[in-house]
Amino acid sequence: KRSIPVQEQEIKLIGGGFPRTGTKSAKAALEFLSFKVYHMEDVAPNDHTSLWREAADDFYFAGNDSKVIAMFRMIGRLGYNATIDWPTSIFALQGKKAFPRAKVFIAKRDSTQQWMNSFKRLNKAFGPLLGKPFTWLKPINETVDMFLALGRAAFDMKDYGPLNNGSMFPWSHNEGSFFSREQEEIMKRGLEKHHASLENYLDKSDYMIYNIKEGWEPFCNLVSQEIPTIP
């Protein structure tokens with residue numbers, strides 16, 4: 001069953017950073033500051049997997065963001081007031097359409113290549129679990145379809161999909177990576193394009209570029225909260 005709406009919240013903070021930019025640590029920090037945070041971990045428990053797949057595909061193939069905006073509003077109706085990580089970070093601008101007063105923080109690694117290396121390690125560890133022989137399980141199949149749709153939308157990458165071995169992501173023998181070198185370059189350019197679109201579209205007062213190593217101060221200043229005394 002899909003989650004039952006609780007007290008509707010206005011989303012106040014939208015994370016625009018992709019996975020492997022400290023999203024788990026940022027989620028913990030926001031929860032410490034009493035935010036209720038919607039993260040990739042909240043997609044399946046809320047039965048949102050197929051909804052995000054449909055919204056991402058409509059966005060990528062038809063250029064229609066109405067389903068994405070509706071997802072943000074649904075998240076608010078479920079009582080969340082902050083979002084972080086995929087899938088919402090891909091669509092941070094649509095989140096701003098749904099909640100114009102929200103602030104956006106764009107989490108980055110020290111370099112795009114550092115992010116790519118970490119993203120590859122993540123997919124190498126978990127990708128096979130979402131491929132054969134597990135795809136006969138409906139939840140796994142739905143999850144694979146969602147991730148492929150999100151990848152297409154995130155990187156503007158039509159061939160973000162399984163090859164012969166049926167694993168979650170394209171497999172090549174590029175030093176054990178799930179991605180060919182050409183695909184990696186497309187993904188790095190896609191990440192940089194995503195960051196640039198946020199920085200070019202948003203007012204400077206509405207966003208912050210953030211590295212998790214910076215600690216509490218810039219984070220708390222963005223959300224107008226006192227800086228905790230803990231590290």
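Predicted model: local features only at pLDDT ≥ 70, side-chain atom pairs only at ≥ 80, totals over all residues.

Mentor: Residues are numbered from 1 along each chain as its sequence is written, and side-chain values use heavy atoms, with hydrogens and water left out.

Trainee: In what order do the five strands form the open sheet?
Mentor: Strands are DSSP runs of E with at least two residues, and helices are runs of H or I with at least four, numbered from the N terminus. Two strands pair if DSSP finds at least two bridges between them. The pairing here is parallel, and the order is β2-β3-β1-β4-β5.

Trainee: Which strands stand at the edges?
Mentor: An edge strand has a single partner, so one side of it is left without a neighbour in the sheet. That applies to β2 (37-38) and β5 (207-210).

Trainee: Which residue of β4 does Gly15 stand opposite?
Mentor: β1 is joined to β3 by two bridges, with Ile14 opposite Thr83. Three bridges join β1 to β4, again in parallel. In that pairing, Gly15 stands opposite Phe105.

Trainee: How many residues of strand β4 are buried?
Mentor: Buried means under 20% relative accessible area, exposed over 50% and partly exposed in between, using a 1.4 Å probe and protein chains only. β4 covers residues 103-107 and is largely enclosed by the rest of the structure, because the number buried is four of the five.

Trainee: How many aromatic pairs does the structure hold?
Mentor: Rings of Phe, Tyr and Trp (its six-membered ring) pair if their centres lie within 6.5 Å; planes under 30 degrees apart count as stacked, over 60 as edge-to-face and the rest as tilted. By that rule, the count is 14.

Trainee: What kind of pair do Trp86 and Phe119 form?
Mentor: Trp86 lies in the loop between β3 and α4 (92-98) and Phe119 in helix α5 (residues 112-126), so their pair ties together parts 33 residues apart in sequence. Trp86 is buried, with a relative accessible area of 2%, and Phe119 is buried too, at 2%. Their centres are 5.9 Å apart with 65 degrees between the planes, making the pair edge-to-face.

Trainee: Which residues do ring pairs link into a cluster?
Mentor: Trp115 and Phe155 form a tilted pair, because their ring centres are 6.0 Å apart and their planes at 50 degrees. Trp115 lies in α5 and Phe155 in α6 (residues 138-155). The cluster is Phe18, Trp86, Trp115, Phe119 and Phe155.

Trainee: Which residues does Lys188 touch?
Mentor: Lys188 lies in helix α7 (residues 181-201) and is buried, with a relative accessible area of 13%. Contact means heavy atoms within 4.5 Å. Not counting residues up to four places away in sequence, Lys188 touches Thr112, Gln113 and Met116.
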